[in-house]
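This briefing sets out selected features of the structure shown below. The points are grouped by topic.

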Amino acid sequence: VNYSRGVTQTHFKNWDKRQKVYLGEREMDRNDRKAKAENDPAKMVLPLSTSQINTFIATSLMLLRQRKRFYEFDPQGAEDHKLREPSEQLLERDMRENKQSVMLHQFFLDLGRFGLGVLKHQWVHEKLRVKVPTTNVIFDQEVEGEMEYQQFTSFMGNRIDNISPYKFFPDVRMPLTRFREGEFCASEEEFTKTRLRQLEADGEVAGIEYITSFTQDQLHKRTSDGDHRFTSIDKSNPTTDNNNFIVTECQVWITPADYEMEGKRAFGKEKFPVLYQVCYINDSRIIKLEPMNNYHSGFTYEVAQFTPDQHKRLSNSLSDMVGPLQTLIDWYVNARVTAVKRSLEN
């Protein structure tokens, strides 16, 4: 994962430029500051990239949402017809639960802006604790007792998350078009301690009381310039207790018989690769390690490129293609404004 992160970080500066192109941002130069001081207009940026990417997003959303439901099933036999309607309704419920419009908009925005869109899907069983009154039986009569917390299922189904390209780390020894053939695939997210405590109470993770903050050495190992892209970590003082932690999830193929735990005990008897989910926090402690047991036996990431190319690790985005044209148009417009201003002041 560290190696993959190092390769991915080489794209950060280019992605930052694409972001500025999309937002129409530019740094003010000496002439801009002088014009602003004289209440004259500074040089402008025409939002050509913004309009092109937003058109791409709108077209993609209309294409995918033109039918009644996102997923449609085509029965293959007589026994499938009765399953079609409930199956479509079930998946449509999951899409609504995942705020499909927002999720798909972010996916296509990353695809047009950075040339890379990433989703992670998983099956979840989310629980909720609610305080409800208890009942006692006294002389064959039910009597309401004290209020106690009871656990209920709040949601069980498919969970889809947007993964930032800045925080996605596939096996870079393979091109992105073949990322599923890699040995591992990983991503990172920020978690609050409260959220981690909730996951621990649900039995999803363990050992939260032993986690520690990032050290300066750990942060330096991640990147030479401290460009980690996490808002909750202070580059100058990463040990500051801010109640936020970085959880790295790595889905990796492991041969259980070849890996030993403490006490020289192997993970398992399997002498063939098994897909494991390994989650560690702040690069220092594993909080989850278990086989994934997916029927499809593959990574739970979906990766799309704007223009897939097996000969390039990362293809060009729509911002890359529109950027030079936008720069040229900006120059023409600003040169015209400057010429008119010079004529009026002559």
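**Structural briefing**

Ring pairs join Phe12, Trp15, Phe114 and Tyr166 into a cluster; rings of Phe, Tyr and Trp (its six-membered ring) count as a pair if their centres lie within 6.5 Å. The model is a predicted one, in which local features need pLDDT of at least 70 and side-chain atom pairs count only at pLDDT 80 or more, while totals for chains, interfaces and linings use all residues. Residues are numbered from 1 along each chain as its sequence is written, and side-chain values use heavy atoms, with hydrogens and water left out.

**Aromatic pairs**

- The count of aromatic pairs comes to 13.
- The ring centres of phenylalanine 70 and tyrosine 71 are 4.9 Å apart and the planes stand at 70°, so this pair is edge-to-face; planes under 30 degrees apart count as stacked, over 60 as edge-to-face and the rest as tilted.
- Tyrosine 71 is partly exposed, at 40% relative accessibility; buried means under 20% relative accessible area, exposed over 50%, and partly exposed in between (1.4 Å probe, protein chains only).

**Sheet and hairpin**

- Strand E1 (residues 116-138) runs antiparallel to E2 and is joined to it by 20 bridges.
- Within E2, phenylalanine 152 stands opposite leucine 128, and asparagine 158 is the bridge partner of tryptophan 123.
- E1 and E2 form a hairpin with 2 residues between them, and phenylalanine 139 in the turn has a positive phi of about 50°.

**Salt bridges**

- The whole structure holds 21 salt bridges, each defined as a side-chain nitrogen of Lys or Arg within 4 Å of a carboxyl oxygen of Asp or Glu.
- One of them joins aspartate 320 and arginine 18 at 2.7 Å, N to O.
- Because aspartate 320 lies in helix H9 and arginine 18 in helix H2 (residues 12-23), this pair ties together parts that are 302 residues apart in sequence.
- Aspartate 320 is partly exposed, with a relative accessible area of 23%, whereas arginine 18 is buried at 5% relative accessibility.
- Glutamate 92 and arginine 65 form a salt bridge in which the closest N and O atoms are 3.4 Å apart.
- Glutamate 92 is in helix H5 (residues 81-97) and arginine 65 in the loop between helix H4 (48-64) and H5, so the pair ties together parts that are 27 residues apart in sequence.
- Glutamate 92 counts as buried at 8% relative accessibility, whereas arginine 65 is partly exposed, with a relative accessible area of 30%.
- A further salt bridge links the side chains of glutamate 181 and arginine 178 (2.9 Å, N to O); arginine 178 is partly exposed at 36% relative accessibility.
- Arg69, Arg84, Glu85 and Glu88 belong to one network of salt bridges that share partners.

**Loop between E8 and E9**

- Asparagine 282 is located in the loop between strand E8 (274-281) and strand E9 (285-291) and has a positive phi of about 50° although it is not a glycine.
- With a relative accessible area of 2%, asparagine 282 is buried.
- Aspartate 283 lies in the loop between E8 and E9; its phi is positive, at about 55°, although it is not a glycine.
- Aspartate 283 is partly exposed, with a relative accessible area of 26%.

- Leucine 325 sits in helix H9 (residues 318-345) and is partly exposed at 47% relative accessibility.

Technical notes. Helices (H or I, at least four residues) and strands (E, at least two) are DSSP runs, numbered from the N terminus. Two strands pair if DSSP finds at least two bridges between them.
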